[in-house]
Amino acid sequence: MSLDLVSTLQLAGCSALISHAIFKRINFTSMGIPIALLIVFPTLSLTASSYIDNVPPTFFSVLANFTFYYLCLSVSILAYRLSPLHPLYAFPGPRLARVSKLYGVWASATGKQHRILKSLHDKYGPVVRTGPNELSIADVDGVFKVLGANGLPKGEFYDSRSDPHSPNNIVNLSGDEHANRRRVWNRGFSTESLREYEDMIARRAELLIDKIGAIDGPVDLGLWLSYFQFDFMGDMAFSGGFEMLRAGGDEEGIRQVLCDYFHVAALTSHVPWVAKTLAHLPVLPERMMKLFTFGAERASRRIKNGSLKKDLWYHLTDEAGLEREKPPVSNVIPDGALAIVAGGDTTARAISNLFFAIVSHPAHYERLKNELETVFPAGDGITDVGRYSELKFLDALISETLRMYPPVPTNGPRRVSDASKARVICDKFVPEGTEIYVPPYVIHRDARYFSPSPNDFIPERWLPREKTSQDAKSPAPTSVLNTAAYIPFSYGPQNCVGRNLARTEIKMVVALLLSRFDFRFADGFDEKVWEDSLCDYFIMHPDLPLLVTLTRR
Ligand code: HEM
């Protein structure tokens, strides 16, 4: 006697449908429970068959039962995700993205997620279904309703990027917890605090000038700006410590750690339960954990050494005693790793992208040099930040660089965490459980917000229109500049706290470098190939060196 195969498979099929109904309702945050359920359900159905037929299962019936269970479960999930029963059915998007997050993993793995999203929006419009429960909204309505004051909290994407063994850093917090942490961060970026950092920028920029000036032959400007940025970041956040410029390299390997972290996190954060599970395994997460360990170690060293100047740490630990209760050190330490990530590569990329833009547009380069020479004749007072408001064209260049090449091109999603957060965006109802991206790269290249020629580098779009004799005769060309759609630093209560520091720093470094050297691309440098090599691993990264030749002025 053996089990009746038909009834065994029927029970396995029913059990698959029941498990799907359960999986749909529960938002699992790690792999443990789902894996257990995936074993328990088919085992239960097999036990039931065996009980009904009153015979023990054979190897063949076990195999048939489990195979059929998984087949039915997969078909049920796929069919549901494609069916009109799914709450996101009405949103357009590629079929593969509708059925699996593997689409997002693939897009991230190519490093071209920003461009893939742009082509999806070009094809499907401002709202695209990019995952089974995920939308990308490239529209100012999304900027306000998702990122704005009454926007949505960050989702599991962010949890999966932080150290699971430590309290959350500021990026992962929402609501009051975030507002409390943000208050102390804001103090670290007040006008008064920024003044403390200006000397640090100037000192490191002079060192950068010495170092690249001594190089014979082409210079990888992107790499040296990255050394500069880490040194300055160390000064600003922890009162010193990296010394990459002096060493002429990254002796502690922190850049590699960050690069590894971004590559791994770009993939795993699409499937947060995988990231969380990996983080508890001893082998795989080692690359990711290195960053958290490094940040914590820097922070602990800074705390032990005490305060040498009013660096960021001074504010985060409330050394001035302005808070009713001192922030617990265990809460502040994870922010050490964050400061490295948030302040490190973003600004360095913005500066190198700006150099790429001006060297490839000689007329803009000339105009900038003239502006700098007018405001700071012979370079006098060039580190006087008080006069930077006179650098209107440099300001326009920075805005245009951050528009065309936002250092955070896609950003992480927000989540409609519960029914009360469900809302109508772009006239469409977005239900509970939806993750929503608002991708800066795509919005910044939308002709509805930036025209003419949203894909061209035109810094003049940021300047007040100059009246020419031509204007008197002909009507003004239709031009659009919608600053509500300009989000390189994100928008709303969780926008970039370091944005003013970043802009000041970019101005000082660009002004100082241009006052000492003339820049041109190294022989054989291909602008198009370099631009195409910009990859989106949360922070925009070129895969190729930015090779320039310097001539002392
Ligand atoms: C050009 C340079 C920079 C760009 C383009 C940039 C961009 C951004 C963006 C897009 C966000 C939002 C991220 C998200 O929603 O997940 C952000 C947040 C943040 N940035 Fe920046 N950033 C830059 C420089 C800096 C610097 C120099 C610091 C200084 C440490 C910094 C510190 C932060 C912090 C702490 C947050 C989290 C704020 C919060 O959650 O309240 N950023 N940045």
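**Helix packing and ligand surroundings**

Helix H10 passes helix H11 in a right-handed crossing; a crossing is termed right-handed if the near helix is turned clockwise from the far one by less than a right angle, and left-handed if it is turned anticlockwise. The model is a predicted one, in which local features need pLDDT of at least 70 and side-chain atom pairs count only at pLDDT 80 or more, whereas totals for chains, interfaces and linings use all residues. Residues are numbered from 1 along each chain as its sequence is written, and side-chain values use heavy atoms, with hydrogens and water left out.

H10 spans residues 191-213 and H11 spans residues 221-238. Helices (H or I, at least four residues) and strands (E, at least two) are DSSP runs numbered from the N terminus. The axes of H10 and H11 lie 10 Å apart, and the two helices pack at an angle of about 150°. H10 is therefore roughly antiparallel to H11. Axes are lines fitted to C-alpha atoms, for helices over the stretch in contact, and angles run from 0 to 180 degrees between N-to-C directions. Angles under 35 degrees count as roughly parallel, over 145 as roughly antiparallel, 65 to 115 as roughly perpendicular, and the rest as oblique. On the H10 side, the contact (heavy atoms within 4.5 Å) includes Tyr197, Met200, Arg203 and Leu208. On the H11 side, Trp224, Phe228, Asp231 and Phe232 are among the residues involved. By class, the contact of H10 with H11 holds twelve nonpolar, no polar and five charged residues. In this classification Ala, Val, Leu, Ile, Met, Phe, Trp, Tyr, Cys and Pro are nonpolar, Asp, Glu, Lys and Arg are charged, and the others, Gly among them, are polar.

H11 also packs against helix H17 (residues 329-343), at an angle of about 140° and with axes 10 Å apart. H11 and H17 are therefore oblique to each other, and H11 passes H17 in a right-handed crossing. Gln229, Phe230, Met233, Ala237 and Phe238 of H11 meet Gly336, Ala339, Ile340 and Gly343 of H17. This contact of H11 with H17 comprises six nonpolar, three polar and no charged residues.

In a further pair, helix H19 (residues 362-375) and helix H23 (residues 499-516) have axes that come within 11 Å and cross at roughly 95°. H19 is thus roughly perpendicular to H23. Tyr365, Leu368 and Leu372 of H19 make the contact with Val510, Ala511 and Leu514 of H23.

An N or O atom in the side chain of Tyr158 is 2.6 Å from an oxygen atom of the ligand. For His178, a side-chain N or O atom is likewise 2.6 Å from a ligand oxygen atom. A nitrogen atom of the ligand lies 3.5 Å from a backbone N or O atom of Ala342.

Two backbone features occur in loops. The peptide bond from Ser451 to Pro452 is cis, with omega near 5°, and Pro452 is found in the loop between strand S8 (450-451) and helix H22 (469-473). Asn54 is not a glycine, yet has a positive phi of about 60°; Asn54 is found in the loop between helix H2 (32-53) and helix H3 (59-82).

Technical notes
Polar contact = N/O pair within 3.5 Å; in protein donor to acceptor, adjacent residues only side chain to side chain.
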